[in-house]
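Thanks for coming, everyone. Let me put the model on the screen, and then we will walk through it.

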Amino acid sequence: MLHELLLALVGYTGDLIIDEREHQKSLGIHLHPDAAISGHRCFKLAPDISFIDPSERDLIERLIALGFYYRELDRFATKSRNLSWIRSGGVSLSPLDGASELSSHETESPSVYRRAIGNGLVEELSVYRSAVLQIEQKLLSETMPVLATVTQGLNKFFVILPPLYELVLEIERHDLRGGKLLNLLHKRFHCGVPELQACIQRLLWHGHQVLYNQLASWMVYGVLQDQHGEFFIRRQEDRDVEYGSFIPDTSDKLARLSADDKSSRDWHFGFHIFLDMLPEYIPMRTAESILFAGKSIRILRNPTPGFKFQDALYNQQKGKCSQKVHGSAGCDPFPKEPINGNMIGEEFLPQSEADKIETMLQELKESLEFHKRSFECSVESIRTVAASHLWQLVVVRADLNGHLKALKDYFLLAKGDFFQCFLEESRQLMRLPPRPSTAEAEITVPFQLAAIKTISEGDRYFSRVSLRMPSFGIPVKSSQVDLSNASSETPLDGWDGIALEYFVDWPLTAVLYARSSLQVPYNFPVSAEAETNTNGIGEIMGIYVIESQWKVLQSHIQNSQDFTELVGLHQEYLSALISQSFLDIGSVSRILGSIMVLCLQFCWNIENQDSSEKTSELERITEEFNKKSNSLYTILRSSRLSGSQRAPFLRRFLLRMNFNSFFEATARGVLNVVRPRPSVPVSNQQTSI
């Protein structure tokens, strides 16, 4: 009886102590497959035993329940630690053939987290086996009460094995793995029973070892090591990209990415946070930092071949420049030594920095407890390291400032002389309707001529600028048509399809939109006039908005050393340009467009209409212009806008627009405001505005 009891305590039944499920199966009773993971304890004393009194029977059955829990936990650990899926091509069949109807036919998906938990269970079960062995040795060497000795030796396991069995049941029933499994362990850790708490803490430690290995692979090497889909960072499959419904123009940006620009696609759309596998005790902001750090390391460790060559050549040129000026720092605000192109990938992320990141993760990994605060601080430190080196790559190596200046020069018309020259060179061509098949080539000729006349050879950014003339989707009309019926929402003529394109290569695509080129439609007559006009709206937009915000951006870039902050500053710059130019107010932008159309109509009539038709048409244009301009002034003076955040620059705009009170007076007349108003000196009126 003693040996039957000891064997049952380690999961082996016999004649006196039986497994109810196996006994029923031998009698031909069919069991439901779910019975294999049911919570019913199935180790019992054989029903035909009559020499044991009821009190001892209850005590024995309570003891052998530990044997049942041990066996089930051992089965789970063995199944979780099974590596047969490696030989079977990724599919793991249960190694417990014949153990139960469920496990004999079950196909398990492999899980490194379950394997880690299985390793932890093996540790705990080895302690239990050692306790059973000590009991056996004590009973064989001394004459002692059997049941009392066994109960005393295994007493602490009554608060450990049953909860662990319940834990295993929940894992199998809900097929928990990855972050979901860590969540369950984290919740069960807060139990109030010191012995059980220490046990679950050890299981959680094993689970975190897998997590730290995945974090190290991602944040040290930029490699996503997640063969079974258990990490909370995942690669974004193309079929899962549904950004278009909630991020404006993202689908279009994705479509415009060049096929070979894998690095840019990976940065913007390649990876995402999978919330189902994110442990609840890891904040979202920390997960985002982990995502950013890994993507940054991928860029720093994998520069494109073209950029490696360009950077090495550029540094060699800088080195020669430094020699010419005898060590002067005047050539480059960020002086660099010439380097070998083969070593450039390592220079972007020095090995010492990678070792620093790995050391921080190793310290977390070696800690016996998971400290949330320490984890978050380490992740933030790693993010800072990655962001600093990415800033160095984008701002210094890739010359972000130079490209931003070029975008300002060409897209915001800072090079007014170039565009003025281009308009003069293309004037005769634009008087004729564009030919879809040759329009782009034809308009490129005056564009290049204007560049030769106005742009110096030292401008190495102009080569990235080009004109595009789509041959579809643009109504082709002659410029010599009646413009009286044209609206601001439709093209005036076929040349309105002209667009400026600026080629952006790696790694600048991480900042300057999510595509390899920037393409913006441009109405050159309107835009060039707005920039070169020194007395009107063009001066306000060009000086007060563009130049002031440009200086703010430059100041912030010089004071920043963090890539994340840099991206935010660039977005603030773009938002300020849009907001302070009123492009985000539909009613204002539509009226401005209509006013520009009227200006073009006015010019057309002056140049082309005969005197008999000119007077009536000019009267119509004048009347329409007054209505539009008064409507614009009324909208800008509305309380909704004056009370918004744009109030300061709105006041400056109105001051320049209404400097002689003309619009204010005409707006009152159009609105039939007949209430007399005392005359106020011009200076006072301006002050009140």
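Start with helix H6, residues 112-141, and helix H7. Their axes come within 10 Å and cross at roughly 150 degrees. Helices here are DSSP runs of H or I, at least four residues, numbered from the N terminus. Axes are lines fitted to C-alpha atoms, for helices over the stretch in contact, and angles run from 0 to 180 degrees between N-to-C directions.

A word on the source. This is a predicted model, where local features need pLDDT of at least 70, side-chain atom pairs count only at pLDDT 80 or more, and totals for chains, interfaces and linings use all residues. Residues are numbered from 1 along each chain as its sequence is written, and side-chain values use heavy atoms, with hydrogens and water left out.

Back to the pair. How do H6 and H7 run relative to each other? They are roughly antiparallel, a label for angles over 145 degrees. H6 passes H7 in a right-handed crossing. Right-handed means that the near helix is turned clockwise from the far one by less than a right angle.

Now the residues that meet. From H6 come Tyr128, Ala131, Val132, Ile135, Lys138 and Leu139. From H7 come Val146, Thr149, Val150, Gly153 and Leu154. Contact means heavy atoms within 4.5 Å.

Stay on H7, residues 146-154, which also holds Thr151. Thr151 is buried, at a relative accessible area of 17%. Buried means under 20% relative accessible area, exposed over 50%, and partly exposed in between, with a 1.4 Å probe and protein chains only. Leaving aside neighbours within four places in sequence, Thr151 is in contact with Leu59 and Leu63.

Then Leu154. Not counting residues up to four places away in sequence, Leu154 touches Leu9, Leu66, Tyr128, Ala131, Val132 and Ile135.

The largest nonpolar core has 149 residues. Leu154, Leu215, Phe232 and Phe563 have the most contacts inside it. Which helix gives the most to this core? Helix H10, residues 194-221, with 13 residues. A nonpolar core is a set of buried Ala, Val, Leu, Ile, Met, Phe, Trp, Tyr and Cys residues joined through side-chain atoms within 4.5 Å. Another core, of 14 residues, lies apart from the largest one, and Ile591, Ile595, Leu636 and Leu650 are among its members.

For Cys199, the nearest cysteine sulfur, that of Cys191, is 9.5 Å away. Cys199 is buried at 2% relative accessibility, whereas Cys377 is partly exposed at 35%.

On to Ser263, in helix H12, residues 262-270. Ser263 and Pro303 are 40 residues apart in sequence, yet 8.4 Å apart in space, C-alpha to C-alpha. Not counting residues up to four places away in sequence, Ser263 touches Ile299 and Trp506.

Last, backbone angles. Most residues other than glycine have a negative phi. Asp399 has a positive one, near 55 degrees. Asp399 is in the loop between helix H17 (372-397) and helix H18 (400-411). Asp399 is buried, at 17% relative accessibility.

Leu413 also has a positive phi, about 60 degrees, and is not a glycine. Where does Leu413 lie? In the loop between H18 and helix H19 (416-430). Leu413 is buried too, at 4% relative accessibility.

How values were computed: Helix = DSSP H or I, 4+ residues; strand = E, 2+ residues; numbered from the N terminus. Disulfide = S-S within 2.5 Å. Parallel < 35°, antiparallel > 145°, perpendicular 65-115°, else oblique.
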